[in-house]
Amino acid sequence: MSFVIGIDPGINGAIAIFRNGVLMSIVDMPTLEVNSGKTKKRHISAVGLRDILEMYILELYPTTHVVTEKVGAMPGQGVVSMFNFGRSAGIIEGVVAALRMPHTYVTPQTWTKAVGRAAGKDASRIRAMELFPSKADLFKRAKDDGRADAALIAYWYITKNA
């Protein structure tokens, strides 16, 4: 039994779990609220992420592979926003490394082209519903774009290594 886990990093990202090439489930990125002056900010929960990934560690499933979108700076993004996004990416990388899970990074340009995702705001959700019609309910809301990206990232890896 082989597992591929696709991760769309970021606070609104998600984790998609495929078993033997079939989308089994999607989990929204676990977060926690942290006091930041007078406001509360959401951060990725390293413990929550570990708890999700730990179910697929190599002792139980030796063919598990994690695929994460390789993120970088985006034009027009503020300094604080960039720092927080980099922090999120670092938490994901650290948890995956600590669990000793095989890991691949893929750029957005690579996976979007390979899976046939069109341009546009809802493109990932539309493509995910086309590829996974039995799971279309997972992608029906506008805010489910992180779920769709996670599924498509894993799908890219699966098709690339078929």
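**Reading the ring pairs**

User: Is phenylalanine 132 buried or exposed in this predicted model?

Analyst: Buried is what we call a residue with under 20% relative accessible area. Phenylalanine 132 has 9% relative accessibility, so it counts as buried.

User: Okay, now the aromatic rings. How many aromatic pairs does the structure hold?

Analyst: There are five of them. Take phenylalanine 3 and tyrosine 56: their ring centres are 4.9 Å apart and the planes sit at 55 degrees, so this pair is tilted.

User: Where do phenylalanine 3 and tyrosine 56 lie?

Analyst: Phenylalanine 3 is in strand β1 (residues 3-8), while tyrosine 56 is in the loop between α1 (46-54) and β6 (65-69). The pair therefore ties together parts that are 53 residues apart in sequence. As for accessibility, phenylalanine 3 is buried at 5%, and tyrosine 56 is buried too, at 12%.

User: What kind of pair do phenylalanine 132 and tyrosine 155 make?

Analyst: Here the planes are at 85 degrees, so the pair is edge-to-face, with ring centres 5.7 Å apart. Phenylalanine 132 lies in the loop between α4 (123-131) and α5 (145-160), and tyrosine 155 lies in helix α5, so the pair ties together parts 23 residues apart in sequence.

User: Is tyrosine 155 buried or partly exposed?

Analyst: Partly exposed, because its relative accessible area is 24%.

User: Which residues do ring pairs link into a cluster?

Analyst: Phe18, Phe132, Phe139 and Tyr155.

Key: Residues are numbered from 1 along each chain as its sequence is written. This is a predicted model: local features need pLDDT of at least 70, side-chain atom pairs count only at pLDDT 80 or more; totals for chains, interfaces and linings use all residues. Side-chain values use heavy atoms; hydrogens and water are left out. Rings of Phe, Tyr and Trp (its six-membered ring) pair if their centres lie within 6.5 Å; planes under 30 degrees apart count as stacked, over 60 as edge-to-face and the rest as tilted. Helices (H or I, at least four residues) and strands (E, at least two) are DSSP runs, numbered from the N terminus. Buried means under 20% relative accessible area, exposed over 50%, partly exposed in between (1.4 Å probe, protein chains only).
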